[in-house]
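Here are a few notes to read alongside the model. Have the sequence and the 3D view open as you go through them.

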Amino acid sequence: MIMVQKELLKKIICSFSNLSVEYEIEILKHHDSELAFYYVLRNYNNRNFIITEWENIVLDNKDLYWNYMFASIPGADVKAHGKVIIDSGDPKFNFFYLSKEGADKEAHIREILKSKDLLYNYACIRDYDWVNVKDHFLAMIGDSIERKMEFVKFFNDDSKREVWDIIEPLILELKDLEFSYLVAKNINWADVRAHEGIVFESGNLEWIYKFARDIKEADRKRLAYPIILSKDPEWNYLYAKDVPNIDIFPHEKVVLDSKSPEWNIKFAINVPGANIKAHKKALSDSFINVSEIIDQGLKKSKVLMK
């Protein structure tokens with residue numbers, strides 16, 4: 001016996017009420033969640049109508065959309081449809097299901113957290129004041145730098161400003177230098193001073209240098225202090241060479257005092273405004289001809305600039 005096509009049955013269901021038993025049998029033959037939903041939607045308020053057989057079709061098929069939709073029908077087993085969605089682990093439908101009266105909210109939240117999905121963990125923070133913000137924040141950032149970069153890109157959006165103000169203090173709590181650097185560099189409304197403070201107080205010369213070099217709003221004079229106090233000729237050379245709009249003199253003095261041939265030569269050749277004579281003098285007793293190396297390096301750099 002040929003079954004009536006689904007689309008025709010759907011039109012019939014939506015157009016007529018009180019269908020005959022023959023049509024009901026045809027609809028049941030399809031074992032289709034959409035047809036079951038529309039049939040129940042048209043008939044649930046009939047006094048003698050029982051939804052169990054139709055509901056079981058939807059539950060058995062485990063189609064998340066129709067389980068979500070069916071749960072809105074009066075008399076539906078909200079917990080049973082919710083379990084289908086919980087078992088799927090799908091963050092989108094677990095998030096949507098949070099709005100259902102009678103839903104097991106804690107179970108749906110657990111699935112959203114486990115998914116580590118950026119959008120739906122963000123949406124939990126945005127839409128529900130009863131969620132644990134820190135749990136959702138940690139789920140969003142994951143445990144890799146690639147994940148943190150995704151997080152920063154995700155929040156570089158004006159529409160997410162409100163939630164950003166809630167979670168930025170949690171970022172600062174981490175005292176993660178690379179994360180604070182990424183935030184300050186990429187998010188226009190980030191609290192640059194606060195992230196700079198994390199980097200400054202760490203004393204980590206590499207991240208201090210990178211922060212000063214790459215963050216437009218950085219206080220470069222402040223960040224120069226730990227570099228200078230370190231008396232490390234390499235970091236002072238790099239700071240003077242790469243960080244814009246600074247006083248190179250204190251960094252140059254560190255390099256001169258170090259009497260390191262490598263860093264004095266590089267400073268003299270590569271840092272605009274360097275005191276060439278001072279670098280030559282600082283290495284006058286070196287076993288290599290520093291003066292000639294510096295002069296050749298300067299000539300080469302001028303040729304490359306033309």
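This is a predicted model: local features need pLDDT of at least 70, side-chain atom pairs count only at pLDDT 80 or more; totals for chains, interfaces and linings use all residues.

1. Start with Trp-130, whose relative accessibility is 41%, so it counts as partly exposed.

2. Trp-130 has a ring partner in Tyr-128: the two ring centres are 5.3 Å apart. Their planes meet at 45°, which falls between the 30 and 60 degree limits, so the pair is tilted. Tyr-128 itself has 18% relative accessibility, under the 20% limit, and therefore counts as buried.

3. Now zoom out a bit. Tyr-128 and Trp-130 belong to one aromatic cluster, together with Tyr-68, Phe-93, Phe-95, Phe-96, Tyr-97 and Tyr-120. Across the structure there are 27 aromatic pairs.

4. Have a look at Tyr-68 from that cluster. The charged end of Lys-100 sits over the Tyr-68 ring, 4.1 Å from its centre.

5. Which residue has a positive phi of about 55° although it is not a glycine? That's Lys-62, found in the loop between helix H4 (52–61) and helix H5 (64–70). Lys-62 is exposed, at a relative accessible area of 55%.

6. You'll find Lys-116 in the loop between helix H8 (105–115) and helix H9 (118–127). With 41% relative accessibility, Lys-116 counts as partly exposed.

Note on methods:
Residues are numbered from 1 along each chain as its sequence is written. Side-chain values use heavy atoms; hydrogens and water are left out. Rings of Phe, Tyr and Trp (its six-membered ring) pair if their centres lie within 6.5 Å; planes under 30 degrees apart count as stacked, over 60 as edge-to-face and the rest as tilted. Buried means under 20% relative accessible area, exposed over 50%, partly exposed in between (1.4 Å probe, protein chains only). A charge sits over a ring if NZ of Lys or CZ of Arg is within 6 Å of the ring centre and within 35 degrees of the ring normal. Helices (H or I, at least four residues) and strands (E, at least two) are DSSP runs, numbered from the N terminus.
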